[in-house]
Amino acid sequence: PFLMFLEFVYKDEIVFDPDTILEIINLAVKYQMQNLVDRCCAYALGIIDSENVVTLFNHFKMWNFEDLVVECRDYIWINSEKVIASSQFQEMSEDLLLEFVQDDCIECTEENLFKKTGCFEQKSDFWKIAFFDQISLDDQSIHRDNSSGE
């Protein structure tokens, strides 16, 4: 990626690659090369899919690229079944997952969501927060399940 970055610096030319785009954006941000950042981001928008959207979202959020964060968030909402089925899903931060669950934006079955979030099992506070508003106090079985042993 650094050689690609240097080629851009000297020739104003670059051939993007999905495997290196985040590293190139990182270099462009680090060296404050807004023209390259803009070109990279335009390319990144065109390659968003269910296998990379979580990774892209996390990086765009870190770099404060709000427009791209919104694009990724919208993609996740629209394609939630595919995103949840992807290998990248477990890289979703708890904050992002919590946001989707609370906003009821994920279009999938609750069973599928629980199966795929096995990486969050040990973090029971996450599930308490995520579903607290949705739990009826009259539903004793759900109430007991969330409060037992914790």
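Predicted model: local features only at pLDDT ≥ 70, side-chain atom pairs only at ≥ 80, totals over all residues.
**How α4 and α5 pack**

- Helix α4 covers residues 53-62 and helix α5 covers residues 66-78; their axes come within 9 Å and cross at roughly 155°.
- Because angles over 145 degrees count as roughly antiparallel, α4 is roughly antiparallel to α5.
- The crossing of these two helices, α4 and α5, is left-handed.
- On the α4 side, the contact is made by Val53, Leu56, Phe57, Phe60 and Lys61.
- On the α5 side, the partners are Leu68, Val69, Cys72, Arg73, Tyr75 and Ile76.
- Sorted by class, the contact of α4 with α5 has 9 nonpolar and 2 charged residues, with no polar ones.

- Most residues other than glycine have a negative phi.
- Asp12 is not a glycine, yet its phi is positive, at about 60°.
- You will find Asp12 in the loop between α1 (2-11) and α2 (21-30).
- Asp12 has 44% relative accessibility, so it counts as partly exposed.
- Gln32 is not a glycine either, and its phi is positive at about 55°.
- The place to look for Gln32 is the loop between α2 and α3 (34-46).
- Gln32 has a relative accessible area of 72%, so it is exposed.

Technical notes: Residues numbered from 1 in each chain as written. Heavy atoms only, no water. Axes fitted to C-alpha atoms, helices over the stretch in contact; angles between N-to-C directions. Helix = DSSP H or I, 4+ residues; strand = E, 2+ residues; numbered from the N terminus. Parallel < 35°, antiparallel > 145°, perpendicular 65-115°, else oblique. Left-handed = near helix turned anticlockwise from the far one by under 90°. Contact = heavy atoms within 4.5 Å. Nonpolar A, V, L, I, M, F, W, Y, C, P; charged D, E, K, R; others polar. Buried < 20%, exposed > 50% of the residue type's maximum accessible area, 1.4 Å probe, protein only.
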